[in-house]
Amino acid sequence: MKDQRTVEGKRRAACGFARIAYQIVVVEKAARTRELAAALGLSSAALYGRLRGRSGFRPEEARALIRLVPDPRLIRYFAEDSRHIVARRPVGQAGARSIEAATAETLREAIDILEVVTSALRDGGPLTHRHRALILSEVRQAETATANLRAAVEALSTSVATPRP
C-alpha cells in the first residue's frame, strides 16, 4: 500500500499541467468545476481526478480546458521548455488603441522586472533561488506582453495595405 501511495504521489508531482489547472480552477475559482466538467464532457469527479493528477488530461480535454479557461499559464506550460513565446491572438481589427494598450502592458511588465530586480539586489547578498524564480516569472510575463505587442502591430500591418511608391 505504501508503494502505491509513493507512485501516486510521484505521478501527481510530475503532472505540471494538472497542478496549474488545479491552481486556476479550484484555488483561484476561475471557473465553476461542475459547469466546466459538463463542458468537457466529464463528471465532476473525473475532472477533479484530472486536476489532482490522479489521471491525466487527454489532449482534446487539455485543448478544451484552455479554450474554456483562457489563462495564459495553461498555454505557457506547453511552451516552457521551447524557444516559443505565447502571444494573445488579436481580436477584430487592430487599431492604434490596441497597439497603445499592448505597449502600455509591455512597459508595465518591464517596470515589474525592474522592481523585482531592485528588491532582490537591495537584500545585499547573492541572488537566491527565490529571487531568480521571481525575476524569471516577471521576464516571462514581459516576453508575453512584448509578443502581444508584436502581434497587434503585425495585425495592423496586414489589415492596412499601404501602397508602395
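**Figure 1. Helices and residues lining the largest pocket.** At least two lining residues of the largest pocket come from each of α5 (59-68), α6 (72-79), α7 (96-122) and α8 (129-159). Helices (H or I, at least four residues) are DSSP runs numbered from the N terminus. The model is predicted: local features need pLDDT of at least 70, side-chain atom pairs count only at pLDDT 80 or more, and totals for chains, interfaces and linings use all residues. Residues are numbered from 1 along each chain as its sequence is written, and side-chain values use heavy atoms, with hydrogens and water left out. The largest pocket holds about 500 Å³ of space. Its lining comprises 19 residues, of which Pro72, Ile75, Val86, Ala87 and Arg88 are the closest to the centre. By residue class, the lining consists of eight nonpolar, three polar and eight charged residues. Here Ala, Val, Leu, Ile, Met, Phe, Trp, Tyr, Cys and Pro count as nonpolar, Asp, Glu, Lys and Arg as charged, and the others, Gly among them, as polar. A pocket is an open set of points on a 1 Å grid over the protein atoms alone where a 1.4 Å probe fits, with protein on both sides within 12 Å along at least five of seven lines; lining residues have an atom within 4 Å of a point. Grid points are joined across faces, edges and corners, and the volume is the space filled by probe spheres set on the points.

**Figure 2. The largest nonpolar core and the contacts of Leu74.** The largest nonpolar core has 20 residues, among which Leu47, Phe57, Leu65 and Leu74 touch the most other members. Each of α2 (16-27), α3 (33-40), α4 (44-51) and α5 contributes at least two residues to this core, and α2 provides the largest share, six residues. Such a core is a set of buried Ala, Val, Leu, Ile, Met, Phe, Trp, Tyr and Cys residues joined through side-chain atoms within 4.5 Å. Buried denotes under 20% relative accessible area, exposed over 50%, and partly exposed the range in between (1.4 Å probe, protein chains only). Apart from neighbours within four places in sequence, Leu74 is in contact (heavy atoms within 4.5 Å) with Phe17, Ile20, Ala21, Ile24, Leu65, Ile66 and Val69.

**Figure 3. The salt bridge between Arg73 and Glu28.** A salt bridge requires a side-chain nitrogen of Lys or Arg within 4 Å of a carboxyl oxygen of Asp or Glu; by this rule there are seven. In one of them, the side chains of Arg73 and Glu28 meet at 2.7 Å, N to O. This pair links distant parts of the chain, 45 residues apart, with Arg73 in helix α6 and Glu28 in the loop between α2 and α3. Arg73 is partly exposed at 29% relative accessibility, and Glu28 is partly exposed at 38%.

**Figure 4. The salt bridge between Glu61 and Arg50.** The side chains of Glu61 and Arg50 form a salt bridge of 2.8 Å, N to O. Because Glu61 lies in helix α5 and Arg50 in helix α4, the pair ties together parts 11 residues apart in sequence. Both Glu61 and Arg50 are buried.

**Figure 5. The salt bridge between Arg150 and Glu154.** The closest N and O atoms of Arg150 and Glu154 are 3.7 Å apart in this salt bridge. Arg150 and Glu154 are separated by about one helical turn, because they are four residues apart in helix α8. Arg150 is exposed at 57% relative accessibility, whereas Glu154 is partly exposed at 44%.
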